Amino acid sequence: MLFRESAASLANPTRLEGRLTEILTENFLHRHGYQPRSSEVRSWEHSIPALTNALVEAGLGEVEILLEYGLPLTSKRADAVLAGVHPASGEPSYVVVELKQWSEAHPEEDDPLRCRVPSYRDPVLNPIEQVRGYCDYLVSFNGALERNPESVTGVAFLHNATEFGVAGLREVEEDNRGRMFTGDQRGAFLDYLRSRLAPKPGAAAADDLLQARVKPSRQLMAVAADEVRDREQFVLLDEQRLAYETVMAAVRKARRSKRKQVVVVTGGPGSGKSVIALSVLGDLYRRGVPALHATGSQSFTKTMRKVAGARKPEVQRLFRYFNSFMDAEPNDIDVLVCDEAHRLRKTSANRYTAAALRTGRPQVAELIDAARVPVFLLDQHQVVRPGEMGTVEQIRQAADEQEVDFTLVELDSQFRCGGSDAYLRWVTGLLALEDDGPIEWKPDGKVQLSTVDGPRELEDFLDDKRAQGYGARLSAGYCWRWTTKITPAMTTLPADVVIGDWSKPWNLFGDRSFLGAPPAPLWATDPAGFGQVGCVYTAQGFEYDWSGVIMGPDLVWRTDRWVVDRTASKDPSFAKATPDEDVDRLIRNTYKVLLTRGMIGTVVYSTDPETREKLRSLIS
């Protein structure tokens, strides 16, 4: 929050001697370390007086206004939060206000949640939905609102607009947390304010909001416990249960001693890391312990949001990304479960990061700072992209630097690939990741492995398994360019992966389905994903009954060893500056990920003749 004052004080020209914008600018610079944009300053100059004058005219001069109120655990800010007393109940009442200077805006074609504003190049979120999201988020993470979530309502005030200029925005449904008023509805806006706020001092309500602890509400935890824990009963065995109990013990110890505890759980594909993560989350929510889940994978996080929060959208907010905690306060939450932690990056900053947040601070240090008990679950052999650096030793070193307790739990068993340890050893030996080199596969009755001579044979085999009721996916090394520009004019999906006279599209780029294909993050879980070839970034973290893997020309067998051809890779994350030894390791890790997705069986094909012959010699 940049500034707090009553409406009457803000509306009084002598109270601040016309220095409100200057004060906000100074406070902004002090808090964020850089100057606010000129458009933001103009908004303060014109929109804040429109709001304060409306409050005074409505007889609500004693209502408190919290300007540029920061939402918990995020850099997002609400333009204003009005704090006061409800006229009927006498309880605290809050109105989140999104202020817009727009004179006109029109809904984006076929998508009223987005809208076009003449002065903006790109579509923006409909302000009705924007303020509704702020309200929902605030209720989910501010403890003062736990007892009475209905105390929060939201409104977008477009004080320069006429109803004619923005009428199309009302295609989005309005409710108590998302409502819109225009300049020519000023009378209705005053009536709305009077319906939510009484002409009484709002200072105490503002104090309650600002002093409340940041945490998921008990209602949210109860919902999450039902959705995550009770919806599927996870049975934890042996070291899985040990890992779970280790985390819960660390939570108790941190609460007793007020000393931070770092826990690392490491294991190979299918060892149950994500099951442990969900079990920990479910129990913590049920016990009322504030906790969040984070990953570095867009596909994994979006799928978690869809599956765990399918019936309760508020549960989706519990699933974050590793770079969501750049400006989080130390120990903001009790437990932060970092799944797929092998995808940690050197820093959280990217090209969209504000200059003030480009501190160079290691991402692992940010995550350790954010929670009393940071939990990292990882597999060091699943690092597949330059810049990913989540290893046990790096996390241990970060914990040592902060002088906090460190505990490691290693998972030996696994539940993917039919629970076959022999198959996992065969894969790591095939790719020369740990053992001496490739060995002949000896069937163990737990998982099936075969090889084929062509992509059409591979697709037909998987299609036959689907006809028998099994799930199946086809994935490949990143050796073909991915069409990232999908236009409505397309009548078919682009043929990205082309091998002779056989072709298939890569998994669809972006977050929207098209021509029956699911968006990329849902490729592994939506049945319609079978029609496209998945890459490592959409397959990682998931499993399916049958896995078909195409090995491309980036990894080929020559006489007695593997040869990595970096020029055959079309992965845009491989820069010219990426060392050859890193590319070698990352490509081998890529195929390890792809070869360990199948629960029942895996079928492998190589585009290279000599490599196909080697595979035939190893797989009966």
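Contact means heavy atoms within 4.5 Å. The model is predicted, so local features need pLDDT of at least 70 and side-chain atom pairs count only at pLDDT 80 or more, while totals for chains, interfaces and linings use all residues. Residues are numbered from 1 along each chain as its sequence is written, and side-chain values use heavy atoms, with hydrogens and water left out.

**Overall chain**
- The protein chain holds 19 helices and 24 strands, taken as DSSP runs (H or I, at least four residues, for helices; E, at least two, for strands) numbered from the N terminus.
- Of its 620 residues, 54% count as buried (under 20% relative accessible area, 1.4 Å probe, protein chains only).
- Among contacts with a separation of 6 or more, 72% join residues 24 or more positions apart.

**Helix 3 and helix 6**
- Leu51, Asn53, Ala54, Leu55 and Glu57 of helix 3 meet Arg186, Phe189, Leu190, Leu193 and Arg194 of helix 6.
- These contact residues divide into 6 nonpolar, 1 polar and 3 charged.
- The axes of helix 3 (residues 38-57) and helix 6 (residues 186-196) come within 9 Å and cross at roughly 65°.
- Helix 3 is therefore roughly perpendicular to helix 6 (65 to 115 degrees).

**Ser606**
- Ser606 lies in strand 24 (residues 598-606) and is buried, with a relative accessible area of 0%.
- A polar atom of the Ser606 side chain lies 3.1 Å from the backbone nitrogen of Asp608.
- Beyond its neighbours within four places in sequence, Ser606 is in contact with Met551, Thr611, Arg612 and Leu615.

How values were computed:
Axes fitted to C-alpha atoms, helices over the stretch in contact; angles between N-to-C directions. Parallel < 35°, antiparallel > 145°, perpendicular 65-115°, else oblique. Nonpolar A, V, L, I, M, F, W, Y, C, P; charged D, E, K, R; others polar. Buried < 20%, exposed > 50% of the residue type's maximum accessible area, 1.4 Å probe, protein only. Polar contact = N/O pair within 3.5 Å; in protein donor to acceptor, adjacent residues only side chain to side chain.
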